[in-house]
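Student: Hi! Could we go through the ring contacts and the surface of this one together?
Tutor: Happy to, let me put it on screen.

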Amino acid sequence: MKKIIEKHPYLTIVFSMILGVLITIVSGLVFFVGILGHTDGEKNDFNRVASVYNQINSDYYKKVDTSKLATGAIDGMLSTLNDPFSDYLTDSDATSLNDSVSGAFGGVGIQVVKKNHQIEVMTTIDGTPAKKAGLKAGDVILEVDGKKLTNQSLSKATTLMRGKVGTKVKVKLQRGNDTFDKVLTRSKIPVETVTAKMLKNKVGCITISTVAEKTSSELKRALKRLDKQGAKSYIIDVRNNPGGLMQEALKMSSMFLKNGKTIMQVKARTGKAEVYKASKKYDGGYKVTKPTTVVINGESASAAEIFAAALHQSANVPLVGSKSYGKGTVQNITQYTDSDELKLTIAKWLTPNGTWIHGKGLKPDYQADYPAMAYITEFDQKKTYSVGESNSDIKNIQIALKGLGYYDDKISKEYTEKVKQAVEAYQEKNQLAVTGKVDAKTMRSIEQNVIKTLAKNDPALEKAQKVVNEVDCKFNPNFWTNLSA
């Protein structure tokens with residue numbers, strides 16, 4: 001069973017197996033069978049559950065769905081744990097989790113972008129169904145399996161095109177003035193979890209988006225590639241990384257630690273904490289000895305936090321950014337059928353010095369973060385806002401306009417006269433109809449300018465470059481006193 005550490009409660013769905021209990025489904029009936037060794041009280045508890053199930057199934061005034069009844073019983077058990085990370089995953093939810101863990105998904109092999117309310121092919125991946133079928137950059141995807149994509153979100157479009165490997169999907173495309181259909185058979189599409197680039201002063205910057213089955217191998221390749229290009233130091237960016245596999249986090253961390261240094265500790269509800277230490281077993285003998293810093297933020301969780309904490313506490317690597325999410329538990333995945341699996345919290349993990357960061361997160365040594373507009377949600381472009389209205393979209397519009405330099409008043413949900421003035425100034429500057437109202441066209445323009453501005457303004461990355469360039473901050477016991485803020 002894979003040990004997985006994951007962040008978001010809404011990405012976790014539940015199937016719980018209670019140790020010593022077998023849930024057997026035969027002809028639509030669920031029997032809870034106590035295993036030898038359980039107390040009489042525990043057996044009575046399970047007998048009660050089975051009795052209620054059977055009575056509902058036989059006596060309820062109308063026919064019940066026994067599968068839903070069983071799932072409801074499982075959900076009820078899990079709800080008593082008050083643990084958002086223990087969940088019962090079924091169908092597409094189980095598939096989504098497995099995709100994120102495996103670093104691959106069933107799909108057609110294209111990257112898409114939204115332009116003028118339409119979903120357009122940006123690139124096709126070599127060797128994939130889309131490439132073989134002749135799809136090209138610039139093709140507009142009009143429909144997927146008969147569902148029109150006009151005004152749909154990118155996430156909705158990609159969800160429709162993804163699916164089980166081997167299944168077929170019909171897409172309607174437009175190329176120039178021609179419209180045509182393609183029937184594609186979904187295949188396994190690999191996902192790169194590590195990207196790398198060289199910054200000025202020979203600083204190698206590596207971004208890790210998630211921690212999947214091949215992430216440690218991807219990280220090693222990226223490090224070697226940058227090393228050949230002459231990298232003198234490294235920034236490892238794990239911002240917005242929701243975590244993933246513990247085993248991969250161990251391999252990644254070990255590359256940066258001297259053998260014998262503690263990576264993490266794992267403590268189940270009984271017994272002593274199991275200590276994991278850096279060794280050739282994890283890194284294959286590959287070690288990074290150049291100055292390194294790690295960038296984190298509030299979306300860095302679980303396996304990403306294991307990595308950051310290990311480097312920080314066991315190799316004196318400074319952390320830059322903002323406080324991490326704070327997920328300090330370990331989950332096991334147990335698969336029961338092709339579409340049902342249990343993700344259950346089995347232990348908590350501790351940092352090298354024994355700290356449990358659950359609910360607290362890791363605090364950076366150097367605070368730096370994106371401006372507030374980096375964290376606004378996508379606007380609802382089906383609406384138009386004007387003076388007198390109030391909602392969260394208007395608050396996000398204010399945050400965006402403030403970040404772009406058009407609004408300097410307090411942030412609220414109210415569309416005030418000052419907001420109207422800021423909108424008019426923005427519309428005039430960006431050659432839009434000056435109405436003082438925020439319509440779909442103004443929203444799209446604001447979103448595009450936010451993206452452009454953020455691409456040029458990354459305070460955390462800039463701070464990380466300064467930190468990693470100032471001193472050999474790795475393996476230097478005095479760097480905390482030598483390094484300037």
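This is a predicted model: local features need pLDDT of at least 70, side-chain atom pairs count only at pLDDT 80 or more; totals for chains, interfaces and linings use all residues.

Student: OK, how many aromatic pairs turn up in the whole structure?
Tutor: A search of the whole structure gives three. One of them is Phe256 with Phe307, in an edge-to-face arrangement. Their centres are 5.7 Å apart, with 85° between the planes.

Student: And where do Phe256 and Phe307 lie?
Tutor: Phe256 is in the loop between helix H7 (246-254) and strand E17 (262-267), while Phe307 belongs to helix H9 (residues 303-315), so the pair ties together parts that are 51 residues apart in sequence.

Student: Is Phe256 buried or exposed? What about Phe307, buried or exposed?
Tutor: Phe256 is buried, at 0% relative accessibility. Phe307 is buried too, with a relative accessible area of 0%.

Student: Switching topic: which ring does the charged end of Lys327 sit over?
Tutor: That would be the ring of Phe85, with the charged end 4.7 Å from the ring's centre.

Student: And what does Lys348 lie over?
Tutor: The face of Trp356, at 4.6 Å from the ring centre.

Student: Why does Val52 count as partly exposed?
Tutor: Because its relative accessible area is 48%, and partly exposed is the range between under 20% for buried and over 50% for exposed.

Methods:
Residues are numbered from 1 along each chain as its sequence is written. Side-chain values use heavy atoms; hydrogens and water are left out. Buried means under 20% relative accessible area, exposed over 50%, partly exposed in between (1.4 Å probe, protein chains only). Rings of Phe, Tyr and Trp (its six-membered ring) pair if their centres lie within 6.5 Å; planes under 30 degrees apart count as stacked, over 60 as edge-to-face and the rest as tilted. Helices (H or I, at least four residues) and strands (E, at least two) are DSSP runs, numbered from the N terminus. A charge sits over a ring if NZ of Lys or CZ of Arg is within 6 Å of the ring centre and within 35 degrees of the ring normal.
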